[in-house]
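Trainee: Please show me how to read a model like this one, feature by feature. I'd like the general idea, then the case at hand.

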Amino acid sequence: MTLKQLSETPLKSGDLASAALNRTFSVAPMLDWTDRHYRYFARLMSKEALLYTEMVTTGAILYGRGDYLAYNEEEHPLALQLGGSDPKDLAACSRLAEARGYDEINLNVGCPSDRVQNGRFGACLMAEPTLVAECVDAMRQQVSIPVTVKTRIGIDEQDSYEFLTDFISKVEAAGCDTFIIHARKAWLQGLSPKENREIPPLDYDRVYQLKRDFSQLSISINGGVTSLEQAKEHLQHLDGVMVGREAYQNPYILAGVDTELCNRTSPVITRDEVIGKLLPYIGKHLAEGGRLNHITRHIIGLYQGLPGSRAWRRYLSENAHKPGAGIEVVEAAIKAMAGND
Ligand SMILES: Cc1cc2nc3c(=O)[nH]c(=O)nc-3n(C[C@H](O)[C@H](O)[C@H](O)COP(=O)(O)O)c2cc1C
């Protein structure tokens, strides 16, 4: 589709989500992890958590062969994370995303991988606040859903508080009022993306300071949060908490989000109920020719910490990828769990 055609794509009425998304708790964008199957699974445990897609590049959306914007309706509220740095392309993708019903568009200014730096997007964009502001402005002109930015507290030697506030001020001036801050800087050379999530120290105080100095902005914190207790502590200072690895590796943490953080009184779903609700989704996926392990790889951490969780994990890991594997594999994994650990 050409850019001209894109700009002529009509918006579907009724697609404009409320700007007042609940940002108390969100699940971080994670490449290869937070795909649509994971997000469906996550939504069974929390109705309130704001879910983010994996980063999708503008190139994939505009020129790729697949439908990179596909998702299940049940996933709402859902934010699309875009990777890119061309204002025109980002604007075109934002417009497409809004027409598809996404509730928010988030720009990735935090990913440090080499591949991403070669494309001149991700964390290296922190050094180009004017370009980020242009991108945000172009995106906002096309859509009425929120356009947000996920970033770090600094990059390389540029890690002063002034560097961060300069970046935030310039992007705010382009109309962005919501930031998600991964509370550590990124080293663009020499560290792998994984190391960049572990080695640079977390500095929560810096993010709290940012909120004090920019109280008009919505600021969510990200990085190293592993319990709802910790999330509550951050929420004393900030508007929201974004959790990545813990929400993936120990997904049942999501089951407490609505009641513990969002004042819902609905009963907390049990792990077995989660599986019960997931089975029809798995069945549909298999009927459409999908592979079992494309879903089960996301659920192996569900019983983490409980007796039998190793048996569950092992049974699924050893059997779900086999050709023809079906729902009976999940049922057998439950039996294996009851039998031993
Ligand atoms: C496997 C994996 C993939 C990730 N992919 C993305 C991504 O696509 N976009 C992004 O902004 N951050 C990405 N991140 C970073 C997370 O969004 C988050 O900022 C980071 O993991 C720190 O939060 P945590 O300590 O709660 O995991 C990824 C992290 C992991 C573990």
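Trainee: Let's start with strand pairing: which residue in β4 is the bridge partner of Q81?

Mentor: That's N106. Strands here are DSSP E runs of at least two residues, helices are H or I runs of at least four, and both are numbered from the N terminus. Two strands pair if DSSP finds at least two bridges between them; β3 (residues 78-83) and β4 have four, in the parallel sense. Bear in mind that this is a predicted model: local features need pLDDT of at least 70 and side-chain atom pairs count only at pLDDT 80 or more, while totals for chains, interfaces and linings use all residues. Numbering starts from 1 along each chain as its sequence is written.

Trainee: What packs on the sheet there, touching β3, β4 and β5?

Mentor: Helix α4 does, and its direction makes about 160° with that of β3. Axes are lines fitted to C-alpha atoms, for helices over the stretch in contact, with angles from 0 to 180 degrees between N-to-C directions. Contact itself takes C-beta atoms, placed from the backbone, within 7 Å.

Trainee: And how many strands does the closed barrel have?

Mentor: Eight, running from β1 through to β8 in order with parallel pairing. Neighbouring strands are turned by 25° against each other on average, direction ignored.

Trainee: Now the core: how many residues has the largest one?

Mentor: In soluble globular proteins, nonpolar side chains tend to be buried together. A nonpolar core is a set of buried Ala, Val, Leu, Ile, Met, Phe, Trp, Tyr and Cys residues joined through C-beta atoms within 7 Å, where buried means 20 or more other C-beta atoms within 10 Å of the residue's own (12 or fewer is exposed, in between partly exposed). Here the largest has 96 residues, with I105, A123, V136, I181 and V207 making the most contacts inside it. Helix α4 (residues 87-99) gives the largest share, six residues. This core lies between domain 1 (3-8 + 19-261) and domain 2 (271-339), because both give residues to it; the bounds come from an automatic or database assignment.

Trainee: Where does UniProt place the "active site"?

Mentor: The unreviewed entry puts it at C111, and such annotations may be inferred rather than shown by experiment. C111 is in the loop between β4 (104-109) and α5 (114-118).

Trainee: Why does C111 count as buried?

Mentor: Because C111 has 24 C-beta neighbours inside 10 Å. Beyond four places in sequence, residues touching C111 include M55, G83 and A123.

Notes:
Two residues are in contact if their C-beta atoms, placed from the backbone, lie within 7 Å.
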